[in-house]
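Visitor: Could you show me how to read a structure like this one? I would like to begin with strands and then move on to charged side chains.

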Amino acid sequence: QVQLVESGGGLVQAGGSLRLSCAASGSIASINAMGWYRQAPGKQRELVATIISRGTTNYADSVKGRFTISRDNTKNTVYLQMNSLKPEDTAVYYCNSNLRDASSTWFRSYWGQGTQVTVSS
């Protein structure tokens, strides 16, 4: 059983910072990539940032220069440092991991339950 648990969301004023964490646990054989998505009210879920096992990162244009994704491979944990937050960053942030369970022969995506980030003006 694989589980992703997010933490670190909350309420912050515009210009402030938050750091999200997502820990993967269970019978994990290999993690290919981890990332963060977000979904604002009335909008579709969108990619925020991803990071592969070697450390290569990818960001949505809307967060480049403000957000930083990182990972701790020893803890199977991915982080999202969010600086200079804007009201439009308000959303539920979801952790995603492309990994292989120990009982499987292929990779698949797993999702966390999400954590709320609210940015006030």
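Visitor: In which sense do strand β1 and strand β3 pair?

Guide: A word on the model: it is predicted, so local features need pLDDT of at least 70 and side-chain atom pairs pLDDT 80 or more, while totals for chains, interfaces and linings use all residues. Residues are numbered from 1 along each chain as its sequence is written, and side-chain values use heavy atoms, without hydrogens and water.

Guide: Strands are DSSP runs of E with at least two residues, numbered from the N terminus, and two strands pair if DSSP finds at least two bridges between them. Here β1 (residues 3-7) and β3 (residues 18-25) pair in the antiparallel sense over 5 bridges. β3 also pairs with β8 (residues 77-82), again antiparallel, over 6 bridges.

Visitor: Which residue in β8 is the bridge partner of Ser21?

Guide: That partner is Tyr79. Ser21 of β3 also stands opposite Ser7.

Visitor: How many salt bridges does the structure hold?

Guide: In a salt bridge, a side-chain nitrogen of Lys or Arg lies within 4 Å of a carboxyl oxygen of Asp or Glu. The structure holds 4. One of them joins Asp89 and Arg66 at 2.8 Å, N to O. This pair links distant parts of the chain, 23 residues apart.

Visitor: Are Asp89 and Arg66 buried or exposed?

Guide: Buried means under 20% relative accessible area, exposed over 50%, and partly exposed in between (1.4 Å probe, protein chains only). Asp89 and Arg66 are both buried. By contrast, Asp61, which forms a salt bridge with Lys64, is exposed at 65%.

Key
Helices (H or I, at least four residues) and strands (E, at least two) are DSSP runs, numbered from the N terminus.
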